[in-house]
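Thanks for making the time this morning.

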Protein chains: 4
Amino acid sequence: MTEAQTNAASFLSRLKGLWRDIARSDGAEKIPALSPGLPDGDLARLRIQMEACLDAKGGEVSARARAAALGRAYLSLSAEGRARFLKLLAGAFGPDRARVDAAAAALGEAREEVARLRAEMELRQALEPPRLKLLTQFNALPEGVKFLVDMRAELMGLMRDHPDLAALEADLKGLLTSWFDVGFLVLERVTWRSSAAVLEKIMQYEAVHAIQGWTDLKNRLDSDRRLYAFFHPRMPDEPLIFVEVALLPEMAGNIQDLLDPTAPLGDVDKADTAIFYSINNAQRGLAGISFGNFLIKRVVDDLSREFKQIKTFATLSPIPGFRRWLDGRLTEGEPGLLSAAEHKDLTRVTGGMGAKGSLKALLAEPDWTAEPLLAQALEGPLTRLAARYLTRETRSGGMAALDPVAHFHLSNGARVERINWMADMSPNGLAQSAGLMVNYLYDLDDIEANHEAYSATGKLAVSARIKALLKG
Amino acid sequence: MTEAQTNAASFLSRLKGLWRDIARSDGAEKIPALSPGLPDGDLARLRIQMEACLDAKGGEVSARARAAALGRAYLSLSAEGRARFLKLLAGAFGPDRARVDAAAAALGEAREEVARLRAEMELRQALEPPRLKLLTQFNALPEGVKFLVDMRAELMGLMRDHPDLAALEADLKGLLTSWFDVGFLVLERVTWRSSAAVLEKIMQYEAVHAIQGWTDLKNRLDSDRRLYAFFHPRMPDEPLIFVEVALLPEMAGNIQDLLDPTAPLGDVDKADTAIFYSINNAQRGLAGISFGNFLIKRVVDDLSREFKQIKTFATLSPIPGFRRWLDGRLTEGEPGLLSAAEHKDLTRVTGGMGAKGSLKALLAEPDWTAEPLLAQALEGPLTRLAARYLTRETRSGGMAALDPVAHFHLSNGARVERINWMADMSPNGLAQSAGLMVNYLYDLDDIEANHEAYSATGKLAVSARIKALLKG
Amino acid sequence: MTEAQTNAASFLSRLKGLWRDIARSDGAEKIPALSPGLPDGDLARLRIQMEACLDAKGGEVSARARAAALGRAYLSLSAEGRARFLKLLAGAFGPDRARVDAAAAALGEAREEVARLRAEMELRQALEPPRLKLLTQFNALPEGVKFLVDMRAELMGLMRDHPDLAALEADLKGLLTSWFDVGFLVLERVTWRSSAAVLEKIMQYEAVHAIQGWTDLKNRLDSDRRLYAFFHPRMPDEPLIFVEVALLPEMAGNIQDLLDPTAPLGDVDKADTAIFYSINNAQRGLAGISFGNFLIKRVVDDLSREFKQIKTFATLSPIPGFRRWLDGRLTEGEPGLLSAAEHKDLTRVTGGMGAKGSLKALLAEPDWTAEPLLAQALEGPLTRLAARYLTRETRSGGMAALDPVAHFHLSNGARVERINWMADMSPNGLAQSAGLMVNYLYDLDDIEANHEAYSATGKLAVSARIKALLKG
Amino acid sequence: MTEAQTNAASFLSRLKGLWRDIARSDGAEKIPALSPGLPDGDLARLRIQMEACLDAKGGEVSARARAAALGRAYLSLSAEGRARFLKLLAGAFGPDRARVDAAAAALGEAREEVARLRAEMELRQALEPPRLKLLTQFNALPEGVKFLVDMRAELMGLMRDHPDLAALEADLKGLLTSWFDVGFLVLERVTWRSSAAVLEKIMQYEAVHAIQGWTDLKNRLDSDRRLYAFFHPRMPDEPLIFVEVALLPEMAGNIQDLLDPTAPLGDVDKADTAIFYSINNAQRGLAGISFGNFLIKRVVDDLSREFKQIKTFATLSPIPGFRRWLDGRLTEGEPGLLSAAEHKDLTRVTGGMGAKGSLKALLAEPDWTAEPLLAQALEGPLTRLAARYLTRETRSGGMAALDPVAHFHLSNGARVERINWMADMSPNGLAQSAGLMVNYLYDLDDIEANHEAYSATGKLAVSARIKALLKG
């Protein structure tokens, strides 16, 4: 465990102490065990318990104990039972409609400034649902914050089928947005001296380049690597978002070398480049509450301070939507997708393959990677098309890059620097991006201006190399 | 510094690291120095800066830097300038009224359930003022949370004269209520090994029985004493609320002995009683966000665990409103205030004093404390009247004790146990409560029921001794 | 990482800071790279460097830097080179013989008391070899203490062939004995939240019941288990000695159940017994510097405080020397080793096996474990013989139990409580102790008296059950 | 408390846990209370108890408990009783003389190399007194290390009158030298956030420029100041040695400005000089175990890292022996002490004073400081004489500067940089050094060479300015 996590751990252990008695207090036993599916009778009993939490009978300390019991009851339910629990919370503990309507009417009639202000305040209060208080009380559970984060993850999964849960989800999102303000988060370097509990979570949450086990993990924590994560003091074992960094003597061009466990240890003193090769949001329940830009900014700062000689900060990123987009173009048969020269070149090497030699067919069968001539012929057009995909294909009316990873880094002020051929030869890498990866460069002097241009006008920063490729 | 404070300190120091660059970033220089009184020209520039924070131009990291600069600017203003700053924030960054009105109208027209829910959500969002986002961004200041707490204290002072600040104050209260949820607070024992920075604050914030200096403080942290405080991780040097406890072989009957620096050190192993002799709310800006009941409950738990032999938990409390109430009765000339026997007794010892011997006159001149016979004659009636004041005089339609300290402890589930004669002979103690003090007893078995009865019906728990006194 | 390890880690990291510059200082480069085998030329250069450390030229800070360089040079040598390094240290940096002889002569002549005392002091100083100062200076290495511990482990391996290293080894033992005084050690509970670096070491050092991987380890750290270790503040990643404990509702009778990863989690609240099922000395270089007795005493204290209901503290221990001893008896053909009844019983079930049915032959082939009747017939005699081996077979002239594990626990004040049949069915368990294990019981009331009797007279504490077994 | 002190505190608190039971165990009661003066009967009982500690009856854990009881008994004794205690320890628990003599004889007869080595080892062991083990056992006391440090301070005070305590003192010094090896010490920055317990000790131990109270102390911990101390993990509240530093825009020329509580806060960003204005050894019991040079080196390193722009590291030091030396010269009437020009100059301004105007008489009456003309006339000769005293007056056969502070800094590699007139106008400053102070400069590039030259040949480093002064 790094130091600050220990601090957080100590903090949590004291909080646990704080609530241990509450959680064990007799309030806990007031809910007889519920059936996992939460049949109607149980639902009725649950409602009474929820009301008791809001009444704060016996004092607020006792109310918290009851809320903790309610939380434990929730955890014991089946998926169906939980949905019923949440619908009860959403349906029966919303705002008092009569009060809302009265306040809305009063607002309509307010004429003077102060009256208007008062009416707005009253209406805002009337709209604040009682269930929000109950959600807050769950903070009494020893792992209460994590409980609420996970509850939101479940809610998001249920919302499609249960639109009446939207308001509850919005309440929870509001609460978590307040609690997870970046001002409360702690950036930690995760190392081999970190807690096994945290490392286990890192392994579990790494979704970009899966970690194969403790040995692979240890390799990623070696002296030429860095792993940074944001933590919340009330969730010390749970990384919120983390980034893996390699310190290298040059910009990395493929992921295979980076992940090779047999590669020799790099000499950090000779590194002048930091490559962010994996960024993972670890908590589904915090979707939409973003701190990725803060993380990158902070890690760049930290590394700058520690290593004066590191001047280049860049990512080695997947292009997750490239193949899907390209397949669409190929299916549509977009004219001019390949230039005449590219077409000719490709025909030359696939001449004998007939229909199997079409770009579409080739991509569907990843055997081309094993054929040097074929691969060589594909490199030019695929790289060019990837550059086009990344820099010209947009959504949101041209204001945002189509590729989500591109959008994230461009929003943060990076520029599209280099596209790398045969950079991720894993099955997933081939399937999503034909083995291509991209470096986004964070140039400290340009970050603000890049961000500004991108977010104001959708104009994205592109290296000369990429521009040449596009003209190519 | 106790351990958890160090943790918190380390947490804060990392947070400071987190924001150091932000705070120093060029955003900081974008506000030219403001005149302390904030004349109109400066106000206009300030407004532009506030808008820039909300636009998040240059990215959220930069916006936080600008908010930090804004915060520093606020601190440089005079009282008048601050009021103008706050009024700008309150006036120019409220909800978009057109949007609010449209949403209110839509609410009126929503017929189906889902439409109603959506309309409520939209109205709630419309009512959320942009200034709330700005307040949150102040969290980027190194001491951002304390900054907001103090800003609220200032706001509360201004509200009487500036009712248009009420909504801003309500926003801030809501934000602080969320951030200071008791689930995020850390209970710490403060000792002589605590940080001098914290101890200095304790001395400064003790308002019940003022601390005379470091020697007096050290005495209150001796091995037969305890001092507990709640802290927030982002305000590690700032106690939120604290309680001073003496471990004694019997229930304390006066404050003089407790505060006597020359008293010999008590033998903790022989103590069976914990006396809470001073409870202080330290942050005016957190008024109305209560955690006193949690503090007492937690300290009782902690002491129970540490000292198996301690069975009695009680306070030694002032009766701050007694004299004011009694003077009112005396001025009104309430018939039967003194019983005939009491009257006769008093007349006997003050016979020669004439009008100067009336109860009213005696209390106005505290010389009576030096006259044994006089004091003896006063003890009966004053003690009885204090019991009446504490247990029978109410406000809020009979639902709450008139005395605020009594109300606090009765709400927490304590009972009025014993009234102590000549228990606080300080000028303040004589002026407020004729030298009387009261023990409130926390009987672990009765706390919930006492609380329940008191908060539901206003019925308060009273010892047999007090009941006897009332019967007189 | 548990808290105190983090403290230690933080301590170490600061110490590293302390010595970083020293270690990197130019002194480090003053030794040109040595050949691994340390040929004569290099040896001569090394000697000059060693002398420079002792001269403290350039000040003590520089001398430490040179010692650190020397330490790194040692680490770069081959086994042969290291032996030469150590022999140089032992041979060339011993006491000044002329001074010793003069002091010894002076001692012989000292007549008066004060003269005698002075002569003794001078002789003692004369005998203190300069190399001791150099060993101390190695403390300047970032992991200097571990370096010295490992150096002693190497020395002990070399001493048989190089008796001239004995004095150097004795110097180092003296130094480590002083530094590892139990007053400086920290007892830590190791958990799943401990540092992966520490957990990796636990896995590596567990020699009694090997840990199969991270999953097996996590199982041994579950809530019904405890793992405690002593650490030294300067070796925070290195457990010195550790003990694994299971919290159970009864005394454990076999190791298979304890190590079964599929066993359900025990209910700690129902546990009344703590079983110490594995104790490991982790540092060979600390051989002969014992803290095992302190460890057990401390863990018993800690568990007693945490779990009031735990009343029984016992081990589940191997009997490592049983089979060797028994095989000796069988080879000698000791008359009466088996009783007539036992013999008859055994013959009955192995009748058809002839010579293969002898006890000696049966034990050599562990197939008997699969034959219920055979196993049943063996249980009686083997259990009885194990009781005899543990309680009656001695060394050191009858003052110590022959079995080393028995000796350790008896020295600590435990008593031989119960012998368990089919308690360790691993190949090793069968080979060493015919599958038997023993519980040593730590009865808090008897520990001192047991220890006293055992260490003074060799009399060992034995349960009634074992006594009955011995009477047969 | 700074972080590492907290770590140390936590470390200590765990150690205390470790020994609490030991210290409270019944061993503690085995010594009936001793009379403070330790009469003969008590002495006999004490001897038995000491022997019991060494016998380790009941096991080593119990022996430690008995040693702790012994330690507490020591603390309860009067000065006379303690001397008797120590003499008992010194006299009755020395080496076994018969064994020593036999070993010395064997040494004389050893011919072969291995025999000689063995004889030396045996003799060394024979000379190791049993009391050393007992001293080590005192480590079991909760504050055992501090106990031993203070015991050595007492021993040193007694040695003059009791030469038979010398060997005991030497034992203790050896033990403490091993335990306080600089590799085990932690450098801490002490701040206003440090523990009040530590700050109280700093106030108490500051002997160079006494601290007037908490306000003065807080001033010395302000943002333009630094205070660093070495701590031992087992004495977390006790600084071992500490240095106070001012960060300034130029080299400080007098102490008045530095200690002025009303001086405005310096701007650290503009400081290019670090002035070490007070260095204090805090533990008399560690006399002769030096770490001052390590402290200065470390603080220089720390400040260099934190403040890139700080280039000058120098002291502002007293010249404690100047007046004593000068008075000697004046009494002797050394011819040519003043130059003719100086003499004439002085006569001119003191013409009317007659004999009262002699240098000797003037220095005896510090009124001259109030007479500008007089002071002006004295500046030249006194500064020149101070330069001579510092750089030319030696002891130890010319190998060491006569002034002890000069010797300390010159040994550390500093050079005599500048002498400051009217630099310490306190009564003590006038009495010791006629108000003069000196800056010793630590030039990182020259430290090693300076140290080397000084320690090898006594040649000291002197600035051009001082050289010019000497030439006069």
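**Chains and contacts**

No contact joins chain A and chain D, whose closest C-alpha atoms lie 11 Å apart, where two residues are in contact if their C-beta atoms, placed from the backbone, lie within 7 Å. Chain B and chain C do not touch either, and their nearest C-alpha atoms are 11 Å apart. Before going further, please keep in mind that this is a predicted model, in which local features need pLDDT of at least 70 and side-chain atom pairs count only at pLDDT 80 or more, while totals for chains, interfaces and linings use all residues. Residues are numbered from 1 along each chain as its sequence is written, and chains are lettered from A and ligands numbered from 1 in the order in which they are written.

The contact takes 56 residues from chain C and 55 residues from chain D. Several elements of chain C each supply at least two residues of the side that touches chain D, among them helix 3 (60–75), helix 6 (113–127) and strand 1 (186–189); helices (H or I, at least four residues) and strands (E, at least two) are DSSP runs, numbered from the N terminus. The largest share of that side, nine residues, comes from helix 1 of chain C. By class, the side of chain C that touches chain D has 26 nonpolar, 15 polar and 15 charged residues, with Ala, Val, Leu, Ile, Met, Phe, Trp, Tyr, Cys and Pro counted as nonpolar, Asp, Glu, Lys and Arg as charged, and the others, Gly among them, as polar.

Helix 9 (residues 166–179) of chain A and helix 6 (residues 113–127) of chain B pack at an angle of about 20°, with their axes 10 Å apart; axes are lines fitted to C-alpha atoms, for helices over the stretch in contact, and angles run from 0 to 180 degrees between N-to-C directions. That makes helix 9 of chain A roughly parallel to helix 6 of chain B, a label for angles under 35 degrees. The contact is made by A:Ala166, A:Ala167 and A:Ala170 on helix 9 of chain A, and by B:Leu117, B:Glu120 and B:Met121 on helix 6 of chain B.

**The sheet in chain D**

In chain D, an open sheet of seven strands has the order 1-2-3-4-5-9-8, with mixed pairing, where two strands pair if DSSP finds at least two bridges between them. Strand 1 (186–189) and strand 8 (415–420) of chain D stand at the edges, each with a single partner strand, so one side of each is left without a neighbour in the sheet. Neighbouring strands of this sheet are turned by 30° against each other on average, direction ignored. Strand 8 and strand 9 (residues 437–442) of chain D run antiparallel and are joined by five bridges, and D:Ile419 has D:Val438 in strand 9 as its bridge partner.

Definitions and conventions:
Angles under 35 degrees count as roughly parallel, over 145 as roughly antiparallel, 65 to 115 as roughly perpendicular and the rest as oblique.
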